[in-house]
Each structure stands twice: as C-alpha cells, then as structure tokens.
Amino acid sequence: MAKVSVIIPAYNAAAFIEDAVHSALNQSFAQVEVIVVDDGSKDNTAQLVDAIAGAKCLRKANGGVSSARNFGVAQSSGEYIAFLDADDIWHADKIAAQVALLDRYPDADLTYCRYEDDLERFNTEVTARRIDTTASVPHTLIASMEPSFINPYFGTSCVMVRRSAFERVGGFDRALPFAEDVDFYLKVLVERPCIPVLEFPAVFKRPVRGSLGDNSVAGYEMLFRVYDMLAAARPEVLARYPKMVARARAELQRRYASSLLSLGRRADARRAAKASLRHRFSGRALLVLILASLPVFMKRALSSLRGAR
C-alpha cells in the first residue's frame, strides 16, 4: 500500500499534464501512487496519461476541481495525500521531505512548502539542489492559528495533508468555484493549527491569470464568503481569538481595496479601505484610501513623478 497518494485534477490539461505526472512519478520517495482525475476534458489529457507507466487515470463528468480532488481521494489508499495541479511541477525530494515532517510532528495535520514561479530558475537552480530529508529537513514550525488564519494562501500543489484530516472536514467544498483551497485549509487548521513549513521551493507553480496572486476581485469576494462560513460553523472557536479575526478581516479588506483600485473602481476601493481601517489600523490601508480619494489627475501626476525618478 502506498503511504502517499498524489491527486492531480485535470481539465483540458494536455499542454502540461505530462510534465506534472512525471514529476510526481520521479519522486525519491518510493511509496507513492499517482492518480490523475480527468474532469471531463475535451482534449487528449486522458490519452496522454494512459500512456505513462505508473500513473492511473480516472475519468468523470466535469464537476470542477473540488469534485475532481474529492473523487481522486475516494479512490486512493495513502495515509498522506498530496495535491498537484496539472500545470505545476514538483522537485524530486518534495514528497520525501514532507513525509519526514508529518512523521516528525504527529500533532500536525498539514504541511506545505515554498514555491518558485520562474520555470528557468526552477529547472536549473532549484532542481540542482537536494532537500535534506533526515532529521535536519529545513523547516519552520508554526504552532499557533493566527499566522495561517491571516495568510492561508499555501498553494494546493505545495500541500500534503493527513487522510484522517481530509476525511474529518469532508474534503473540498464543491459549492465553491474557487477559494476552495483556503476553505479546506482553514477547516483543517481550526482543529489542529500546528504546521511544519518546508523552507524550500519544492514546487514550480505556474502563474495563473485571475488567481488571488493576480489581484482577482472575485477571488477576494469569495474569501469573504469563506471566512463567513467558518465563523458560522465554528463561532465558539473564533470567539476566543477576536484580535486574530479582526486582523484577518482587515488584511483581506485591504487587499480587496488594492485590487479594486487597480481596476479603477475608486468608490468601491474607498469603501473597502475604510472597512479595513475599522477592523484594524494599518498604514497600507490608509494609503489605499488616500490614493482612491485623490482626483484622477493628481494620481496620474504622482505616478509620472515616480516614473521619472
């Protein structure tokens, strides 16, 4: 039986799926099963996976990434579960290092690693280095809930989770079109917040247009829903940490305001910045409010001055 199940959801992923699957199969840790869930692709994703020895391809009707991940986990057997997006790539020691961390910290249900978003640098500098997977595996231990609650943006391809934790929270919420990963992490961590973080960029994460990292307004709006759902489901837990909740809300509103401002939605940006400041004062939120309140010609003039320096 495999100790680690690798779940790769794929939809029209023919351009990158082979690289992703090979990076999962070529791990230095041997006890791995690799499961690709073809989520109703219209291209030849499934045929490409079928041709790769050692990978299993499951087919299902299109239902979204949460449905695909849950379906794959249900067909898997590993004690630990690692997720890999179909357009991302793993370092060869990624699984071994994270297994070592979860084995070392039985109170942790989840671990994640750092990532690299420059493919050339990943293929040269990162892959040339090995990760120490012994007792000195490079990591930071996050023992409290607050850091992860405020910045729960781990990157799904960077995460490994215990099957017991996945089953405890019911997997990914299929009703969420995105931010389903943040929702999943928070539900796991509200019970057991300890996280050993692998301090190594063991994943090449391909930049995705429209993601939270790409200032997606819709993504931030979905995150408000995620935090509201968690507060409704576990009010007794969050009530113990009012300052943590206020800080998280302030930071999310601040990021939302910045994203709105970048799209020219100045009135909405002002409202979001004010909401951030009501939760908790920060200089960055105040700056967004000031920029969103300036007349357009003044903002352009300031930008021109900065560009001239």
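The model is predicted, so local features need pLDDT of at least 70 and side-chain atom pairs count only at pLDDT 80 or more, while totals for chains, interfaces and linings use all residues. Residues are numbered from 1 along each chain as its sequence is written, and side-chain values use heavy atoms, leaving out hydrogens and water.

Start with arginine 163, in helix 7 (residues 163-169); helices are DSSP runs of H or I, at least four residues, and strands are runs of E, at least two, numbered from the N terminus. Arginine 163 is buried because its relative accessible area is 15%; buried means under 20%, exposed over 50%, and partly exposed in between, with a 1.4 Å probe and protein chains only. Show the residues around it: beyond neighbours within four places in sequence, arginine 163 is in contact with residues including Ser5, Val73 and Tyr80 (contact means heavy atoms within 4.5 Å).

Next, select lysine 3 and aspartate 103, whose side chains form a salt bridge at 3.7 Å, N to O. A salt bridge is a side-chain nitrogen of Lys or Arg within 4 Å of a carboxyl oxygen of Asp or Glu. Lysine 3 is in the segment before strand 1 (4-10) and aspartate 103 in helix 4 (residues 94-104), 100 residues apart. Lysine 3 is buried at 18% relative accessibility, whereas aspartate 103 is partly exposed at 43%.

Then select arginine 69 and aspartate 85, a salt bridge with its closest N and O atoms 3.4 Å apart. Both arginine 69 and aspartate 85 are buried.
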